[in-house]
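Please look over the sequence and the predicted model shown here. The report that follows takes up single residues before it turns to the chain and to the confidence of the prediction.

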Amino acid sequence: MSLSFILWSIISGFLISFWGWTIYVVLNQKRAWKFYADKKKLRFHSNGMLETPSISGAVDGYKVSIFASEHSELDSRSQRRLTAIEIAMHTGLPFHGAIASGGMVPIVDVLDLPQEYKPPASGWDDSYIIRTRDQNLMQKYFTDERVKALIDLMQVEKAWVILLFLGDYGLLRLDTPSPIDNPKDLDKLINQLIAVARELELKDGEAKDIINDRSKLDKATAKLKIDDKLLGDDIGFELED
């Protein structure tokens with residue numbers, strides 16, 4: 001028996017095994033997601049035979065989307081395929097902000113959000129990121145309860161999390177390499193995401209308080225600018241325009 005035939009047999013066996021395993025995983029995933037969608041009365045899309053299905057609809061009053069996501073690897077030469085779960089928030093924030101962990105950090109890092117905030121909380125990993133246009137307002141919003149809820153979510157095994165607040169729009173998303181091929185696991189993860197979303201929602205009157213704080217901050221900033229000019233004129237500091 002030639003060496004080339006042996007190598008061909010090994011490679012063929014590997015490819016057939018990989019193909020069979022892929023079919024098994026995808027079919028299990030489809031069955032699990034279809035079961036969950038039927039139970040929760042959600043829209044289920046099977047997509048292609050070997051493609052990840054997708055789900056959309058409302059769970060406990062929240063718009064939920066579940067689908068396959070692709071992320072570029074660090075070398076930009078390959079794609080990593082993950083399962084994404086998105087929860088549309090009921091409220092946004094009166095200022096822009098973004099929070100992320102794992103592979104979502106580079107996405108937040110390039111947004112036009114110049115200030116970074118790091119909460120003084122136990123369990124907050126230095127690899128996580130919070131970017132905003134006003135870290136004072138972010139600090140006021142990011143209570144201990146919200147920090148804990150988000151940390152617990154970010155500590156889901158191998159999960160990437162991103163939370164976006166862009167005006168009136170808020171989005172909470174988790175990406176995982178797991179196909180989540182058990183409906184109980186899918187239900188558990190979605191319930192956790194919804195519980196976190198509820199904690200992150202603005203409470204009654206909270207938006208008004210934040211806006212009032214921003215107005216006070218804007219007035220204080222304007223006053224400081226005038227004071228800086230006076231200092232420059234009277235004491236001799238050379239301040240750039």
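Ile180 sits in the loop that runs between strand β9 (169-176) and helix α5 (183-200), and although Ile180 is not a glycine, its phi is positive, at about 50°.

## Asp60, partly exposed

Asp60, which is likewise not a glycine, has a positive phi of about 50°, and this residue belongs to the loop between β2 (54-59) and β3 (62-72). With a relative accessibility of 48%, Asp60 is classed as partly exposed, since that class covers values between the 20% limit for buried and the 50% limit for exposed.

## The chain as a whole

The protein chain contains six helices and nine strands, and 38% of its 241 residues count as buried. Among the contacts with a separation of 6 or more, 57% come from residues 24 or more positions apart. The accessible surface of the chain amounts to about 14,700 Å², and carbon and sulfur atoms contribute 56% of that surface.

## Confidence in the prediction

The average pLDDT of the protein chain is 81, and 74% of the residues reach at least 70. Over residues 217-241, however, pLDDT stays under 50, and the model has eight contacts beyond four places in sequence for this stretch. Where pLDDT is low, the predicted coordinates should not be read in detail.

Methods. Residues numbered from 1 in each chain as written. Predicted model: local features only at pLDDT ≥ 70, side-chain atom pairs only at ≥ 80, totals over all residues. Heavy atoms only, no water. Helix = DSSP H or I, 4+ residues; strand = E, 2+ residues; numbered from the N terminus. Buried < 20%, exposed > 50% of the residue type's maximum accessible area, 1.4 Å probe, protein only. pLDDT = per-residue confidence, 0-100. Contact = heavy atoms within 4.5 Å. Areas by Shrake-Rupley, 256 points an atom, 1.4 Å probe, with all protein chains shown as cover.
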